[in-house]
Amino acid sequence: MDLCLKDKVAIISGTNNPKGIGATTALAFASVGVKVVMVYKRMDFPFILEKSIGDGIDSYHKALSEDCSIVEKKIKKITSNYLIIEGDISNSKFVSSLFEQAIQKFGKVDILVNNAATYALNDTIFNVSDDDINNVYDTNIKGTLYMIREFVKRFSRYGRIINLSTDAAQNFAGQITYGSSKATIEALTRSIAVEVGNLGITVNTIAPGPIQTGWIDSELEKAVLPSIPISRLGIPQDITNLILFLSSDKAEWLTGQVIKVSGGHCL
């Protein structure tokens, strides 16, 4: 299927994890001729250096703490039409500057993929801190809103917004700020889709199940597999495939949807 994405311009947030959905999407977009703006922020999560090889939480946290250089090496082999910008999407002035830079380089922005998110450790009602609440909501909700607001303000002729949630958003005990922030994104998706539909902008959310982006070690994989009817972990490409479709003109009558891509997990 020709998705007719050549020469479209996409902004993707959260692209510095080489095993992540953001990086995989950036490379997939580049491979079909999309001009890509990759946005990232180095995260400050604890990790043990000697345990940060292979898959597992330390490896995942290490990847999030680094810049976009590994991903840049990969995209350079595909295209020269890319831009990498480091910054914090929870800062509205940065978001405005980000769009200015993207438009200055490529002339427009057609597609927005809101992939960036953060989470808190030990995130239960018994121990969640003020800092955890503010940090998660600032990035996951305010940052996403700032990005969408700026996109809509600068919209010209073609508009696709794809947000990322989680399949457990409606009930994520043990990750209450993260889960509730994603449930908010799902609600915003429906409301904003109604508000911008007459402009020709579509707004959809993908809710992934357990995706191997480097955080699932073998022990956790064994524990989670029985809850996945298709009997395998997801991979970033499973999500990227839908992102590309939702970004295309083939999905122009599909908006306000929250689509679970989870192998049946959390049904």
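**Getting to know this model**

Me: Where is C266 found?
Reply: This is a predicted model, where local features need pLDDT of at least 70 and side-chain atom pairs count only at pLDDT 80 or more, while totals for chains, interfaces and linings use all residues. Residues are numbered from 1 along each chain as its sequence is written, and side-chain values use heavy atoms, leaving out hydrogens and water. Helices (H or I, at least four residues) and strands (E, at least two) are DSSP runs numbered from the N terminus. By that naming, C266 is found in the segment after β7 (258-261).

Me: Is C266 buried, partly exposed or exposed?
Reply: Under 20% relative accessible area means buried, over 50% means exposed, and in between is partly exposed (1.4 Å probe, protein chains only). C266 has a positive phi of about 65 degrees although it is not a glycine. Its relative accessibility is 34%, so C266 counts as partly exposed.

Me: Which loop holds N122?
Reply: N122 is a residue other than glycine with a positive phi, near 50 degrees. With a relative accessible area of 58%, N122 is exposed. Its place is the loop between β4 and α5.

Me: How many salt bridges does the structure hold?
Reply: Side chains of opposite charge can pair when their charged atoms come close. A pair counts as a salt bridge when a side-chain nitrogen of Lys or Arg is within 4 Å of a carboxyl oxygen of Asp or Glu. Here the total is 11.

Me: How many residues apart in sequence are the parts that E100 and R154 tie together?
Reply: The side chains of E100 and R154 meet in a salt bridge at 3.1 Å, N to O. E100 sits in helix α4 (residues 92-106) and R154 in the loop between α5 (130-153) and β5 (159-164), so the parts tied together are apart in sequence by 54 residues.

Me: Which residues are linked with E100 in a network of salt bridges?
Reply: E100 is partly exposed, with a relative accessible area of 43%. R154 is partly exposed too, at 25%. The network links E100 with E150, K153 and R154.

Me: About how many helical turns separate D138 and K142?
Reply: D138 and K142 form a salt bridge, their closest N and O atoms being 3.5 Å apart. D138 is partly exposed at 26% relative accessibility, and K142 is partly exposed at 35%. The two are four residues apart in helix α5, so the separation is about one helical turn.

Me: What is the relative accessibility of K6, the partner of D7?
Reply: D7 forms a salt bridge with K6, with 3.9 Å between the closest N and O atoms. D7 is partly exposed, its relative accessible area being 38%. K6 counts as exposed because its relative accessibility is 60%.

Me: Which residues does F29 contact, leaving aside neighbours within four places in sequence?
Reply: Contact means heavy atoms within 4.5 Å. F29 is among the residues with the most contacts inside the largest nonpolar core. Its partners are L5, A10, I12, V34, V36, I111, V113, I243, L244 and S247.

Notes: A nonpolar core is a set of buried Ala, Val, Leu, Ile, Met, Phe, Trp, Tyr and Cys residues joined through side-chain atoms within 4.5 Å.
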